[in-house]
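Keep the 3D view open as you read.

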Amino acid sequence: GFLLHPFLGVVSPAGFAAMRPSPAEVAEAFTVPLAYLRETPPQVWTYALVPQVPEDFPYETIGIGRDYPWADGKVEIPVWHWQGRAIWGMTGRITKDLAEW
């Protein structure tokens, strides 16, 4: 239920020190060498996505039957550990995509 646009860039040490992320959205900001992320595969955990369609779903008004073949799937959660911190969740997925680029 959200949209996220990651941006890749180079930030100077002074620029990083001057950052003031919103405490409501960011618990902590830290740096990790890109070489570490590229050379160290993350641990990868998965969980199942199982459709749970509400009983009152409007099948008739959208033109599908109650026997519609809802797709299930899985979500991968890459986890890196770096100097006592963890990179995981949405940040881990974005980091994995960028490190593989």
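## A charge over a ring

Arg85 sits over the face of Phe30, 4.9 Å from the ring centre. A charge counts as over a ring if NZ of Lys or CZ of Arg is within 6 Å of the ring centre and within 35 degrees of the ring normal.

This is a predicted model: local features need pLDDT of at least 70, side-chain atom pairs count only at pLDDT 80 or more, and totals for chains, interfaces and linings use all residues. Residues are numbered from 1 along each chain as its sequence is written, and side-chain values use heavy atoms, with hydrogens and water left out.

## Rings in pairs

How many aromatic pairs does the structure hold? There are 4 aromatic pairs. Rings of Phe, Tyr and Trp (its six-membered ring) pair if their centres lie within 6.5 Å; planes under 30 degrees apart are stacked, over 60 edge-to-face, and the rest tilted.

Tyr36 and Trp82 make a tilted pair, 4.7 Å centre to centre with 55° between the planes. Trp82 counts as buried because its relative accessibility is 16%, whereas Tyr36, at 21%, is partly exposed (buried is under 20% relative accessible area, exposed over 50%, partly exposed in between, with a 1.4 Å probe and protein chains only). Phe57 and Trp70 are edge-to-face, because their planes stand at 85°, with centres 5.3 Å apart. Ring pairs also join Phe57, Tyr59, Tyr68 and Trp70 into a cluster.
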